[in-house]
Structure formats: structure tokens, C-alpha cells
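User: Hi! Could you walk me through this model? I'd like to go residue by residue.

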Amino acid sequence: MDQTNSYITKYLSQVKEICESIDKKEINLLIKGIKSLKERKGRLFILGVGGSAANASHCVNDFRKIVGIECYSPSDNVAELTARIND
């Protein structure tokens, strides 16, 4: 097996291990919390730093469009974010 295939095999093995370790009860609790938030017409804030700020921004759009929840990422408004940090 060449080096690339070895890397792929190791990566997929680690992904499988991580997926199998995820607690399904915790996922269900998260889903119930999000449903409750939507029912109460609450707002969801998603934070990301560095490259994760782009992930947070994308996630916000999915929650707005797909789930119909009022959702924000503070890093989407750099002027407000830096003004709040400055004050």
C-alpha cells in the first residue's frame, strides 16, 4: 500500500472511531433544545474564530434557511464586533 492509501485508511479509521464514540443521547438533547428554541422564537448565536468564522457564517445561513430559526454570527458584522470589543 502506498503512502497516500495508508493515509486515507488511517484517516477513515479515525473518523469511524470518532463517529462511534458520539453519544446519541447528547445529539437528541441538542435536537430537543433547538426545537424548543424555535418554538419559543428564540435566537441562536454561533461563534467561530479564524477559519471557523466562515463555518459559523455558513451554519447561520443553514439554520435560517432550513430550520427557520433567527440566527446570527457576530463575526459577520466586523464593525459591530470590533466596536464591542473596543468599548
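User: Is Tyr 11 buried, exposed or partly exposed, and at what relative accessibility?
Analyst: Tyr 11 counts as partly exposed, because its relative accessibility is 45%. The classes are buried under 20% relative accessible area, exposed over 50%, and partly exposed in between, with a 1.4 Å probe and protein chains only. One note before we go on: this is a predicted model, where local features need pLDDT of at least 70, side-chain atom pairs count only at pLDDT 80 or more, and totals for chains, interfaces and linings use all residues. Residues are numbered from 1 along each chain as its sequence is written, and side-chain values use heavy atoms, with hydrogens and water left out.

User: Thanks! What confidence does the protein chain have on average?
Analyst: Its mean pLDDT is 93, and 98% of the residues reach 70 or more. pLDDT is the predictor's confidence in each residue, from 0 to 100.

User: And where is confidence lowest and highest?
Analyst: The lowest mean, 79, belongs to helix α4 (residues 78-86), while α2 has the highest, 97. Helices (H or I, at least four residues) and strands (E, at least two) are DSSP runs, numbered from the N terminus.

User: Back to the tyrosines. How many aromatic pairs does the structure hold?
Analyst: There are 2 aromatic pairs. In one of them, the ring centres of Tyr 7 and Tyr 11 are 6.4 Å apart and the planes are at 20 degrees, so the pair is stacked. Rings of Phe, Tyr and Trp (its six-membered ring) pair if their centres lie within 6.5 Å; planes under 30 degrees apart count as stacked, over 60 as edge-to-face and the rest as tilted.

User: Why are Tyr 7 and Tyr 11 about one helical turn apart?
Analyst: Because they sit 4 residues apart in helix α1 (residues 3-21). Tyr 7 counts as exposed, since its relative accessibility is 56%.

User: Which residues make the nonpolar surface patch?
Analyst: Tyr 7, Ile 8, Tyr 11, Leu 12 and Val 15 make it, covering about 500 Å². Patch members have over 30% relative accessible area and no salt bridge; like charges are joined within 9 Å, nonpolar side chains (Val, Leu, Ile, Met, Phe, Trp, Tyr) within 5 Å. A salt bridge is a side-chain nitrogen of Lys or Arg within 4 Å of a carboxyl oxygen of Asp or Glu. Val 15 also lies in helix α1, and its relative accessible area of 31% makes it partly exposed.

User: New topic: what is the phi of Lys 41?
Analyst: Lys 41 has a positive phi of about 55 degrees, although it is not a glycine. Lys 41 is in the loop between α2 and β1 (43-45), and it counts as exposed at 70% relative accessibility.

User: What about Leu 47, where is that?
Analyst: Leu 47 is in the loop between β1 and α3, and it is exposed, with a relative accessible area of 69%.

User: Which residues does Leu 47 contact, leaving aside neighbours within four places in sequence?
Analyst: Ala 56 and Pro 74, with contact meaning heavy atoms within 4.5 Å. The C-alpha atoms of Leu 47 and Pro 74 are separated by 6.7 Å, although these residues are 27 apart along the chain.

User: Last one: is Ser 57 buried or exposed?
Analyst: Buried, because its relative accessibility is 19%. Ser 57 lies in helix α3 (residues 52-67) and, leaving aside neighbours within four places in sequence, is in contact with Ser 73 and Asp 76.

How values were computed:
Accessible areas come from the Shrake-Rupley method with a 1.4 Å probe; for residues, only the protein chains shown count as cover.
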